[in-house]
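Biologist: Could we go through this model together? I should like to begin with the terms.

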Amino acid sequence: NKSALSLLDIVEDVLDFSKIEAGKLELELDRTDIKEIGRQVTDTLRLQAEQKNQRMLLSYYPEVPQFIWADAVRLRQVLTNLLANAVKFTEQGEIELIIKRINLTEENVTLHFSVRDTGIGIDAKNQQRIFEAFAQVDASNTKKFGGTGLGLTISNKLLSLMGSQLHVKSEIGTGSTFSFGIAFKTLRNE
């Protein structure tokens, strides 16, 4: 069962990557409960984290609005990729999804998302390499942790469609933080 699910993940990643590269992926904006998205993605990976004796945390700043206009499926996909990587590359400690508001205008709200872990970390010379398709820090990580090296590439390409990109801060042995900001159209008075 685990092997079948891993194969399904690989096939889905390759299909998404192909759609994005062909310019055939379009965002579908809809009324989205951003707080529910956060709960869904952390709940989805909580069991995997707990099986590795990790704590899965979700933090919202109070000024984060409940509803925005977003492509919930694609935003969920990016956050799930980031959290899944954090679980995969963290032996012990905690993983936290943090959502905060960094700007507000009459029509838009800019939200900042970050996924912080206490995992193995990434040395400075490899921090840009991890965003390349099919790339991982080194071959031993592929053997030990698995994966295709597509998750971050797909996430970054999806974020590009949303007008954003991934940033990473990391040190070997202390963990990593992946973050991005997106300006969403707000749903006022809700």
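Modeller: Buried means under 20% relative accessible area, exposed over 50%, and partly exposed in between, with a 1.4 Å probe and protein chains only. This is a predicted model, in which local features need pLDDT of at least 70, side-chain atom pairs count only at pLDDT 80 or more, and totals for chains, interfaces and linings use all residues. Residues are numbered from 1 along each chain as its sequence is written, and side-chain values use heavy atoms, with hydrogens and water left out.

Biologist: What share of the chain is buried?

Modeller: Of its 190 residues, 44% count as buried.

Biologist: And what is the mean pLDDT?

Modeller: The mean pLDDT (the predictor's confidence in each residue, from 0 to 100) is 84, and 81% of the residues reach 70 or more.

Biologist: Which element has the lowest mean pLDDT?

Modeller: That is helix 4 (residues 139-145), at 48, whereas strand 5 (residues 108-117) has the highest, 97. Helices (H or I, at least four residues) and strands (E, at least two) are DSSP runs, numbered from the N terminus. Where pLDDT is low, the predicted coordinates should not be read in detail.

Biologist: Turning to Thr 32, where does it lie?

Modeller: Thr 32 belongs to strand 1 (residues 30-33).

Biologist: Why does Thr 32 count as buried?

Modeller: Because its relative accessibility is 3%.

Biologist: Which backbone oxygen does its side chain reach?

Modeller: The side chain of Thr 32 reaches the backbone oxygen of Ala 70, at 3.2 Å.

Terms used. Polar contact = N/O pair within 3.5 Å; in protein donor to acceptor, adjacent residues only side chain to side chain.
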